[in-house]
Amino acid sequence: MPLQAALVKDPAVSVNRVIWSPDGSLFGVAYSRHIVQIYSYHGGDEVRQHLEIDAHVGGVNDLAFSHPNKQLCVVTCGDDKTIKVWEATNGTKQYTFEGHEASVYSVCPHYKENIQFIFSTAIDGKIKAWLYDNMGSRVDYEAPGRWCTTMAYSADGTRLFSCGTSKDGESFIVEWNESEGAVKRTYQGFRKRSLGVVQFDTTKNRYLAAGDDFSIKFWDMDNVQPLTSVDADGGLPASPRIRFNKDGSLLAVSANDNGIKILANSDGMRLLRTLENLSYDASRTSEAPKPTINPISAAAAAAVATSAGLADRSASVVAIAGMNGDARSLGDVKPRITEESSDKSKIWKLTEISEPSQCRSLRLPENLRVTKISRLIFTNSGNAILALASNAIHLLWKWQRSERNSNGKATASVPPQLWQPSSGILMTNDVADTNPEEAVPCFALSKNDSYVMSASGGKISLFNMMTFKTMATFMPPPPPATFLAFHPQDNNIIAIGMDDSTIQIYNVRVDEVKSKLKGHSKRITGLAFSHVLSVLVSSGADSQLCVWNTDGWEKQKSRFLQVPSGRTPTALSDTRVQFHQDQMHFLVVHETQLAIYETTKLERVKQWVPLESSAPITHATFSCDSQLVYSSFLDATVCVFTAANLRLRCRINPSAYLPASVRYV
């Protein structure tokens with residue numbers, strides 16, 4: 001009702017943008033007066049208002065739908081120089097991006113290799129890019145024309161274009177080289193002085209169209225010269241608005257006298273006839289005015305219609321496939337820590353794997369003369385492996401989509417590629433005056449795989465995973481960092497475990513230590529957050545576990561590990577911690593044992609201790625669904641446990657995956 005009243009008082013209020021959600025169930029409307037409305041579409045002419053958001057101070061200039069973290073969101077921008085992200089079901093604000101110095105004119109959300117981001121343009125010609133965090137913009141380009149610019153990707157998401165008009169009426173369509181932030185090609189054929197801001201669209205991964213000079217002009221993406229133009233039998237404004245349908249067979253064009261013209265190629269004509277027949281069959285008694293269909297000229301019709309730590313002389317990482325090949329979706333799994341079943345009659349048989357024929361393994365390619373891999377992690381998206389070598393260099397292997405690997409996820413059946421950006425730079429940690437071979441290496445990956453925070457005895461470095469560029473360095477030693485963890489709700493907040501036994505809570509954005517936690521007596525060897533319990537669990541070389549409240553950073557509980565009798569751990573034995581998917585229990589990894597702890601009482605609920613004759617445990621981790629625990633040993637054996645009771649299910653011996661020439665440490 002406030003909007004209705006505003007419309008009566010100020011008839012100049014207009015709709016700046018209307019756009020469908022990806023599945024066509026919602027559409028969003030941006031008004032020139034601070035309001036965004038979301039409507040749900042139920043077929044036919046049934047439309048219901050779903051949300052109204054007081055989005056910006058001043059006009060809302062653009063909106064778009066996006067899917068960060070698999071959650072449907074609405075991205076808006078406005079005269080108040082901000083971009084905002086709203087949850088599409090309830091209108092909750094998720095992010096506010098500040099950094100433009102002029103009104104933000106348009107937004108273009110996109111994703112590449114599971115990294116979600118937003119391009120934005122402002123009326124001073126600045127183009128910026130934002131990830132879904134609070135770390136500020138990642139790029140700063142100048143748009144040709146330096147005024148009103150919109151951006152769009154080709155349908156397959158591989159090519160980026162922008163269209164803009166300067167204050168003097170000069171218009172540009174360009175293709176961008178994203179990695180370099182430079183214009184790749186500029187398309188010709190615009191009127192010297194466009195009358196109004198030119199709008200454009202893309203279709204078929206091959207064609208561009210723009211409304212200019214009372215007509216629609218078409219280009220082949222690979223040719224800067226115009227392909228053809230049509231005037232749609234006249235009656236178009238100087239710079240008509242245009243929009244293709246999804247398959248590029250129809251083109252909507254704004255016309256004079258508040259009209260809309262629909263242009264169609266042969267596929268579009270067939271589609272419209274089908275829709276008319278369906279409509280006629282559904283309501284034979286009602287007569288509705290039929291739209292006028294303008295066939296596109298032959299040339300334009302063609303344009304629219306065709307369309308584990310291993311060491312040898314070269315360090316290696318070995319990927320081993322899972323045993324059962326189970327491809328259940330995580331949504332079907334209900335992880336939980338349970339007491340052992342009372343059914344003792346069930347016989348648990350240990351699977352022993354000793355031959356290469358019993359499993360699939362591959363050795364990851366490496367050409368950087370790395371001597372030893374110190375740290376190793378899968379990306380959260382599951383399509384890459386990130387490693388930190390003992391010489392402070394990071395290596396990133398990515399699996400690509402292919403016929404043999406249709407989902408592009410990690411697999412031992414298809415080798416990944418050692419990936420670098422086109423600039424050729426490496427992510428290399430600061431080593432100061434230390435010997436990186438003697439340092440305690442550590443790194444952490446942000447939840448959206450956008451950043452890696454890393455240290456190899458020197459300063460902590462924050463790297464952009466898309467460009468490999470160093471975004472910041474901080475915390476010069478002494479003492480050096482020995483463990484790192486991102487806060488689960490805010491990438492700006494990081495927990496830094498130090499060699500002097502303290503934990504520093506650091507805000508990257510403001511370059512400030514928020515809190516310093518003291519409770520351990522030796523260096524920190526593990527950190528893990530629970531967003532459900534709002535706690536941080538820490539572990540140290542003193543074999544102690546501590547639980548800290550993340551609201552005020554007070555220590556809630558602490559407990560020392562009970563070392564099994566007959567076992568004497570090394571002087572600085574690492575203790576690692578990792579939360580179960582339920583966020584209530586966590587795994588403790590020590591060279592003498594694996595254990596599951598309940599967090600609130602800090603009580604051990606399960607424990608597994610290797611035989612005295614066995615090699616020490618070197619590492620362990622939950623599977624992605626928390627159903628299994630994988631553990632490695634100093635003799636290169638890998639064991640697999642059920643997480644619910646830490647029962648040993650499978651042992652993979654080194655002979656199954658390591659060539660005889662490789663020595664292990």
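Student: Why is D220 called buried in this predicted model?

Tutor: Good place to start! D220 has a relative accessible area of 13%, and buried means under 20%, so D220 is called buried.

Student: What makes D220 and R206 a salt bridge?

Tutor: The closest N and O atoms of D220 and R206 are 3.1 Å apart. The cut-off is within 4 Å, so the pair counts as a salt bridge. D220 sits in strand β19, whereas R206 lies in the loop between β17 and β18, 14 residues apart.

Student: Is R206 buried or exposed, or in between?

Tutor: R206 has a relative accessible area of 37%.

Student: Why is R651 called partly exposed?

Tutor: R651 has 26% relative accessibility. Buried would need under 20% and exposed over 50%, so R651 counts as partly exposed. E352, at 35%, is partly exposed by that rule too.

Student: How many salt bridges are there by this rule?

Tutor: The count comes to 18. One of the pairs is K514 with E512, at 3.2 Å, N to O. Elsewhere, R159, E175, R185 and D222 are linked in a network of salt bridges.

Methods. Residues numbered from 1 in each chain as written. Predicted model: local features only at pLDDT ≥ 70, side-chain atom pairs only at ≥ 80, totals over all residues. Heavy atoms only, no water. Salt bridge = Lys/Arg side-chain N within 4 Å of Asp/Glu carboxyl O. Helix = DSSP H or I, 4+ residues; strand = E, 2+ residues; numbered from the N terminus. Buried < 20%, exposed > 50% of the residue type's maximum accessible area, 1.4 Å probe, protein only.
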